[in-house]
Amino acid sequence: MTLLQTRNLTAFYGDFQALYGIDTTLDAGETITIIGANGAGKSTFLKAIAGLIRGPADSVRLDGQPIGARAAADIVKLGVALVPEGRRLFPSLTVEENLLIGCYGRKMSGPWTLDRVYALFPILRERRSSAPPTLSGGQQQMAAIGRALMSNPRILLCDEISLGLAPIIIADIYSALPQIKAEGTSVVLVEQDIVQAMKVADRVYCFQEGRLSLEGRPAELTREQIHRAYFGS
Amino acid sequence: MTGWLDALIQGVLLGGLYALFAAGLSLMFGVMRLVNLAHGDLIVLAAFVILVAAERLGLDPFVAVLVALPVLFVIGFALQHVLLNRTLGRDLLPPLLVTFGLSIIIQNGLLQIFSADSQRLRAGAIETASIPLGGGIAVGVVPLLTLLSAVAVIVFLNLVFYRTPIGRAFRATSDDLEVAQLMGIDHRRIFAIAMGIAFVVIAIAALYLGMRANFDPTIGPARLLYAFEAVIIGGLGSFWGTLAGGIVLGLAQTIGARIDPEWQILAGHLAFLLVLVVRPRGLFPRALD
């Protein structure tokens, strides 16, 4: 069943057009990965879904309802949470406060609580009173994912969660993904690391200069197809 | 010797008043990054609100301020929601221009309604009451209450900021407006609540402003200057720093006045400049700013 759909999604930064008519779907329980070179529009795509960039209402639909024109603060309440690129934890809040603000002003309903997040990433419990800038990159990423989970999202949007992290840490963070999916959460990953992206995705979309250049299941895509979609011919 | 000791004590007490002037400004800057050029005039406006409440209802100023508090909270909330939220963005100029305009409107509006006559909040015997400390030194009850109120306001603001969910939202919004929205925080509402609280602090500052000395519609800008200096001396983003900044300013003024009465105001400004030279980020800057 289609949970999220973008249709003819465009996005602008001032006069600069960053996305051209992107059509995608995300089924309930599915994980899709968006790959593409720097500047291909991957982060913009997530921002447009999360409401940080607003467009025509029917360019993004959640459960068939148009949400493209809604504000970010409303969209998270509808069950779509974004883990932003570069973690962007709140530096003047402790780790625990960062997690708590993930469900600000709302009654908790769903599997994710402070205790569940700590069980998923035990190191965060140890560092609960620390200031985010004192955490390692991997710990910061865990906190950023935990913060998004605290809103008990139906859809988790993750922007470059492996960026700047050591391979062993990346493996650590990706090992949490099955537990997140087990709660019925659908996931949209933006990932530069193609190998990682292929491993976890049910389906892959490739962007090139703001346009959709390829779509398919990882097993069905050839290296050449991906190479061409990624870099252009 | 007694004279100097007296100057120190009176300086600390005067610092309480400056800290009250500054606390609201510190809160607005801390949450909204708003430099409010109408701050002094808002304090004077609040003093007139308390005056009207006191005279019309026949109340003591301390009771009148309790009546004025909710009214001013609502005015602050509405001002932010209706007007100031529209000015905030990447460009720093619009809020400066709008609050500057607000300052002129408030001054002239008050002149129109209340004339340029000096006013005062009459509180009866407490105005002149003092507590002798021995050795020829005494502290006035109103100045002492001013300082205690300043400390109470700072403690209250710290509790709100660091112990409550709304305080978390204040800090988060101040840290990163975009990500705060991703958390479901409606920043326009958060800003309006912060302004409402700032107006409550303004009302308390106005109470002591009106009880300690005469006020008229034109004295706002000078209070703004003291408030600014206290915030900058203390370091942006720290309420305790703002209290310390107020006290440094008060001390400098009374010590300056002790040397030569003409030096009172100048000494305060010199202390401000000295802090800017030695510690440009203030005495207690927040580590992240």
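Reader: Are α6(A) and α7(A) roughly parallel or roughly antiparallel to each other?
Author: α6(A) and α7(A) are roughly parallel, a term for angles under 35 degrees, with over 145 counting as roughly antiparallel, 65 to 115 as roughly perpendicular and the rest as oblique. Please note that this is a predicted model, in which local features need pLDDT of at least 70 and side-chain atom pairs count only at pLDDT 80 or more, whereas totals for chains, interfaces and linings use all residues. Residues are numbered from 1 along each chain as its sequence is written, and chains are lettered from A and ligands numbered from 1 in the order in which they are written.

Reader: At what angle do α6(A) and α7(A) pack?
Author: Helix α6 (residues 137-149) of chain A packs against helix α7 (residues 167-174) of chain A at about 20 degrees, and their axes are 10 Å apart. Helices here are DSSP runs (H or I, at least four residues), numbered from the N terminus. Axes are lines fitted to C-alpha atoms over the stretch in contact, and angles run from 0 to 180 degrees between N-to-C directions.

Reader: Which residues meet there?
Author: G138(A), Q141(A) and M142(A) of α6(A) meet I169(A), D172(A) and I173(A) of α7(A). Contact requires C-beta atoms, placed from the backbone, to lie within 7 Å.

Reader: How many residues of α6(A) are buried?
Author: In α6(A), 12 of the 13 residues are buried, so this helix is largely enclosed by the rest of the structure. Buried residues have 20 or more other C-beta atoms within 10 Å of their own, exposed ones 12 or fewer, and partly exposed ones a number in between, with C-beta atoms placed from the backbone.

Reader: Turning to chain B, which residues of α11(B) are buried?
Author: They are A267(B), G268(B), A271(B), F272(B) and V275(B). These residues cover an arc of only 140 degrees around the axis, which puts them on the same side of α11(B). The arc is taken from the directions from the helix axis to the C-beta atoms.

Reader: What do they pack against?
Author: The buried residues of α11(B) pack against α9 (220-234) and α10 (239-259) of chain B. On the face turned away from the buried side, α11(B) carries the exposed residues L273(B) and V277(B).

Reader: And how many residues of chain A are in contact with chain B?
Author: There are 22 residues of chain A in contact with 16 residues of chain B. On the chain A side, α2 (72-77) and α3 (95-101) each supply at least two residues. α2(A) gives the most, with four residues.

Key
Two residues are in contact if their C-beta atoms, placed from the backbone, lie within 7 Å.
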